[in-house]
Amino acid sequence: MSRILRPMPLTAEAFTAYGDVIEIAGAPDKVINQGMCGRHHDLAHLDFGTGKAGISLFDAKARSLPHTVDMVERHPEGSQAFVPLDGVPMLIVVADDLAGHPVDLKAFISGPGQSINLFRGTWHGVLAPLGKAGRYAVVDRIGAGTNLEEHWFPEPWIVEASGPDSGPD
C-alpha cells in the first residue's frame with residue numbers, strides 16, 4: 001500500500017525547518033560593480049563540519065508526477081544546496097527526524113528563480129527535476145568520512161499532482 005503526498009509551493013516559511021529557500025526578494029543588501037549589480041548577500045546557512053565547501057555540477061534526468069519515493073537520504077556532516085542552472089523546477093521531498101528515522105514527509109515544488117539549501121542532517125528525496133532534465137550547481141561538503149545515510153521505506157510514498165486542497169495527506 002502506498003502513502004500519498006501532495007506537493008505545495010516552496011516558501012521560506014513552509015521550508016524553514018528543513019533549510020533555506022534561496023531567492024531574490026526585496027532590495028539588494030549592497031550595490032556593487034559601479035552601480036550595475038545588486039548583491040543579495042549570504043542567503044543560506046552553509047554548514048560543512050570538518051570538511052570544506054565544494055561546488056559540483058549535477059545533470060539529472062527528468063521526473064514526473066506521480067513520483068514514487070521509496071528512499072530518502074541525509075548528510076550528517078554537511079548542508080547541501082541545489083541551484084538550478086536551466087530554470088527547471090524541482091520536486092523537493094523532506095522529512096522530520098524521529099529517533100534517527102524520517103517521519104512526516106512533505107513535498108514542495110520550486111518556482112522560477114528558487115534554489116534550496118538543505119540543513120545538515122535533513123532527510124530528503126533524490127534530486128528530481130520536473131518535466132525535463134535539469135542541470136544544477138550543488139554546493140556541499142567535501143571531506144573524509146561517511147556523509148550519507150539512506151532510509152528505504154517498506155511502503156513507498158507517492159507524490160501526486162496537487163489538487164484544490166493541496167498539502168500532505
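Visitor: Let's start with Asp-104: where does it lie?

Guide: Asp-104 lies in strand 10, where a strand is a DSSP run of type E with at least two residues, a helix would be a run of H or I with at least four, and both are numbered from the N terminus. This is a predicted model, in which local features need pLDDT of at least 70 and side-chain atom pairs count only at pLDDT 80 or more, while totals for chains, interfaces and linings use all residues. Residues are numbered from 1 along each chain as its sequence is written, and side-chain values use heavy atoms, with hydrogens and water left out.

Visitor: What about its backbone, what is the phi of Asp-104?

Guide: Asp-104 has a positive phi of about 55°, although Asp-104 is not a glycine.

Visitor: And is Asp-104 buried, partly exposed or exposed?

Guide: Asp-104 counts as partly exposed because its relative accessibility is 44%, given that buried means under 20% relative accessible area, exposed means over 50%, and partly exposed is in between, with a 1.4 Å probe and protein chains only.

Visitor: Which side chain does Lys-106 contact at 2.7 Å?

Guide: The side chain of Lys-106 makes a polar contact of 2.7 Å with the side chain of Asp-104. A polar contact is a pair of N or O atoms within 3.5 Å; within protein, one must be able to donate a hydrogen and the other to accept it, and residues adjacent in sequence count only if both atoms are side-chain atoms. The side chain of Lys-106 also has a polar contact of 3.2 Å with that of Tyr-18.

Visitor: So where is Lys-106, and is it buried or exposed?

Guide: Lys-106 is found in strand 10, which covers residues 101-109, and Lys-106 counts as buried because its relative accessibility is 17%.

Visitor: Which strands pair with strand 10?

Guide: Strand 9 pairs with strand 10 in the antiparallel sense over seven bridges, and strand 2 (residues 8-9) pairs with strand 10 in the parallel sense over two bridges; two strands count as paired if DSSP finds at least two bridges between them. Strands of a sheet pair through backbone hydrogen bonds, either parallel or antiparallel.

Visitor: How many residues are between the strands in the hairpin of strand 9 and strand 10?

Guide: That hairpin has two residues between the strands, and Ala-99 in it takes a positive phi near 55°.

Visitor: What else does strand 9 pair with?

Guide: Strand 9 pairs in the antiparallel sense with strand 13 (residues 128-129) over two bridges, where the bridge partner of Met-90 is Pro-129. Two bridges also join strand 9 to strand 12 (residues 123-124), again antiparallel, and there Val-94 stands opposite His-124.

Visitor: Switching topic: in what order do the five strands of the open sheet run?

Guide: The five strands form an open sheet in the order 3-11-8-14-6, and the pairing is antiparallel. Its edge strands are strand 3 (19-22) and strand 6 (52-60), each of which pairs on one side only. Within this sheet, strand 8 and strand 14 (residues 134-142) are joined by five bridges, and Pro-84 stands opposite Tyr-136 in strand 14.
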